[in-house]
Amino acid sequence: MEPGWLLWGAAVLLLLLHVLAELSPAVGFVLRLGWYCLLCVLGSLLAVPACLLLNGGRTVRNMRIIKNIVKAFKYFFGLKFEVKGLENFEVEGPAIVVSNHQSILDMMGLMEVLPDNCVQVGKKELLYTGIVGLIMYLGGVIFINRKSTTSAKMVMSEVAKTMVAENVKVWVYPEGTRNCTGDFLPFKKGAFHLAIQAQVPVIPVVYSSFTSFYNPKTKLFTSGKIKVEILPPIETKGLTSDDVSDLTDRCYHTMRETFFVLSGRPSPSEQWGPDQPDVWCGTALLV
Ligand SMILES: CCCCCCCCCCCCCCCCC(=O)SCCNC(=O)CCNC(=O)[C@H](O)C(C)(C)COP(=O)(O)OP(=O)(O)OC[C@H]1O[C@@H](n2cnc3c(N)ncnc32)[C@H](O)[C@@H]1OP(=O)(O)O
Ligand SMILES: CCCCCCCC/C=C\CCCCCCCC(=O)OC[C@@H](O)COP(=O)(O)O
């Protein structure tokens, strides 16, 4: 077929999809999320050969390549990031970064601020998403089995040793799952055990609530602004396993307060209650 006809075909298809998206918010939501997944696949198709050619295999250095590709995604969705506190990443040596996790869209916010030499902890199911799983593997993502606490703890203990030896930062989502309720889930303690075992600081990162522009329940996905704040590092030198709960609570409360400030909402009572908006941010697509 002539390239001219292909271009015309693509233009008509895009126009049709645009009209459909405008007519029905649900269709618009599915199309935009589908487009996001397609971008991840296309980005990975580009990144995999670049990572293999430039860095030869699985290494944290590949994160730079991935980051530069993903940073372009926001323009397709009209998303803006306002970042504060980037200087707090400038700690000497390794650290544990903890942040709130609202949606698969978080990957854009992650790459917007990701410091050098930093890998993420992810659920092992992500490894089976084809080329996207492959690029995560090449970028050095640490995969854990959430269904087995023993195995997850073993992987994390190993990470405590290697992160110091190899001078890498590790990014953990302490809520342990996506949560777009407009509040935080209780934090799991793995990240804080890791920080104390490795005697490295914890750097909290907070993203404002997505609920004003993204809500899978009401099929809302429009353009929007996300405020991000990197908080000052919390030292763990001299802390022991007895201090894990205190450290977890301290990070949880500081981050939750910042979350409400960034989201422009008053902090509700500490108690998790039925008045919380019923929003679910998971998609069946991502296991
Ligand atoms: C170019 C295009 C590219 C396109 C794509 C590119 C992608 C690029 C890369 C991006 C990657 C993004 C990846 C994002 C992935 C996000 C996720 O997958 S989030 C889900 C997975 N992550 C987590 O779950 C991390 C947080 N979870 C934890 O830290 C947990 O604690 C746990 C280690 C998994 C264990 O969880 P669980 O089994 O639920 O148990 P707990 O209740 O937490 O703990 C039980 C018990 O054990 C104690 N404990 C926990 N950890 C330790 C430890 N390391 N050592 C010792 N003890 C530990 C804990 O204190 C509890 O005991 P207690 O007595 O109750 O205190
Ligand atoms: C051969 C398999 C075919 C599957 C094809 C899937 C294609 C996937 C394409 C794009 C996916 C975008 C990946 C973005 C990465 C975001 C990671 C993420 O945010 O995972 C969610 C996880 O943190 C928590 O999971 P749960 O909320 O506990 O659930």
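The questions and answers below go through a predicted model, its sheet, its helices and the residues around its ligands.

User: What kind of model is this, and how are residues, chains and ligands numbered?
Analyst: This is a predicted model, in which local features need pLDDT of at least 70 and side-chain atom pairs count only at pLDDT 80 or more, while totals for chains, interfaces and linings use all residues. Chains are lettered from A and ligands numbered from 1 in the order in which they are written, and residues are numbered from 1 along each chain as its sequence is written.

User: In what order do the seven strands of the open sheet lie?
Analyst: Strands are DSSP runs of E with at least two residues, helices are runs of H or I with at least four residues, and both are numbered from the N terminus. Two strands pair if DSSP finds at least two bridges between them, and the edge strands, each pairing on one side only, are β1 (79-84) and β4 (142-144). The pairing in the sheet is mixed, and the order is β1-β9-β6-β2-β5-β3-β4.

User: Which residues stand opposite V119 and V121 of the sheet?
Analyst: β3 and β5 (residues 169-172) pair in the parallel sense over three bridges, and three bridges also join β3 to β4, which run parallel. In β5, K169 is the bridge partner of C118. V119 stands opposite V170 in β5, and V121 stands opposite, in β4, I142.

User: Which strands does helix α9 touch where it packs on the sheet?
Analyst: Helix α9 (residues 244-262) packs on the sheet, and its direction makes about 30° with that of β6. Here the axes are lines fitted to C-alpha atoms, for helices over the stretch in contact, and angles run from 0 to 180 degrees between N-to-C directions; two residues are in contact if their C-beta atoms, placed from the backbone, lie within 7 Å. The strands touched by α9 are β2 (96-99), β6 (202-207) and β9 (224-230).

User: Which element gives the most to the shell around ligand 1?
Analyst: A residue is near a molecule if its C-beta atom, placed from the backbone, lies within 6 Å of it. Of the 38 residues around ligand 1, G43, G122, T149, K188 and G190 come nearest, and the elements that give two or more residues to this shell include α2 (25-55), α3 (62-70) and α8 (190-198). The element that gives the most, with five residues, is α7.

User: How many residues around ligand 2 are nonpolar, polar and charged?
Analyst: 17 residues surround ligand 2, the closest being C37, C40, G130, T177 and R178, and the largest share of the shell, three residues, comes from α2. Ala, Val, Leu, Ile, Met, Phe, Trp, Tyr, Cys and Pro count as nonpolar, Asp, Glu, Lys and Arg as charged, and the others, Gly among them, as polar. The shell around ligand 2 divides into nine nonpolar, five polar and three charged.

User: Why do the buried residues of α3 line one face of the helix?
Analyst: A residue is buried if 20 or more other C-beta atoms lie within 10 Å of its own, exposed if 12 or fewer, and partly exposed in between, with C-beta atoms placed from the backbone. The buried residues of α3 are N62, M63, I65, I66 and V70. They line one face because, seen down the axis of α3 and judged by the directions from the helix axis to the C-beta atoms, they fall within an arc of 160°.

User: How many of the nine residues of α8 are buried?
Analyst: The buried residues of α8 include G190, F192 and Q197, and the buried residues pack against β2, α7, β5, β6 and α9. The helix is largely enclosed by the rest of the structure, because the number of its nine residues that are buried is eight.

User: What is the phi of N117?
Analyst: N117 lies in the loop between α5 and β3, and N117 is partly exposed, with 18 other C-beta atoms within 10 Å. Most residues other than glycine have a negative phi. The phi of N117 is a positive value in a residue other than glycine, near 55°.

User: Is N167 buried or exposed?
Analyst: N167 is found in the loop between α7 and β5, and, leaving aside its neighbours within four places in sequence, N167 is in contact with G93, P94 and N117. With 12 other C-beta atoms within 10 Å, N167 is exposed.
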